[in-house]
Amino acid sequence: MITEKCVTCDVDTRVAVNRNVEFRPFYVIGVGQLCRDCYLKTVKNVMVCGYCGEDTSNEDPSMLYAQDHIDCTLEVLRRTNRIKPL
Ligand SMILES: [Zn+2]
Ligand SMILES: [Zn+2]
């Protein structure tokens, strides 16, 4: 898997380059892909899943849909019959 580097500190963000930017954690429109640390320092100092309310700042980026858990997001989409986002 090829992953993005943080635009600020050049560290590996572990976010796949082929992932739609809309669904990436730590991605800022107009800035680019940030790592977890830079994102938490410069954008938001908290990351919480909007569905279950748990802290997602320590989750694996590949398990996140923006700042929400992919599992929680898919569960809600399934319940509301919306299209799978990924
Ligand atoms: Zn960084
Ligand atoms: Zn969740």
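## Nonpolar core

The largest nonpolar core comprises 6 residues: Val15, Phe26, Tyr27, Leu34, Cys35 and Tyr39. Such a core is a set of buried Ala, Val, Leu, Ile, Met, Phe, Trp, Tyr and Cys residues joined through C-beta atoms within 7 Å. A residue is buried if 20 or more other C-beta atoms lie within 10 Å of its own, exposed if 12 or fewer, and partly exposed in between, with C-beta atoms placed from the backbone.

This is a predicted model, in which local features need pLDDT of at least 70 and side-chain atom pairs count only at pLDDT 80 or more, while totals for chains, interfaces and linings use all residues. Residues are numbered from 1 along each chain as its sequence is written, and chains are lettered from A and ligands numbered from 1 in the order in which they are written.

## Strands E1 and E2

Strands are DSSP runs of at least two residues, numbered from the N terminus. Strand E1 (residues 3-5) runs antiparallel to E2 and is joined to it by 2 bridges; pairing requires at least two bridges found by DSSP. Threonine 3 stands opposite alanine 16 of E2. The two strands form a hairpin with 6 residues between them, and aspartate 10 in the turn has a positive phi of about 70 degrees.

## Positive phi angles

Most residues other than glycine have a negative phi. Arginine 14, in strand E2 (residues 12-16), has a positive phi of about 65 degrees. Phenylalanine 26, in the loop between E2 and strand E3 (27-28), has a positive phi near 70 degrees.

Methods:
Helix = DSSP H or I, 4+ residues; strand = E, 2+ residues; numbered from the N terminus.
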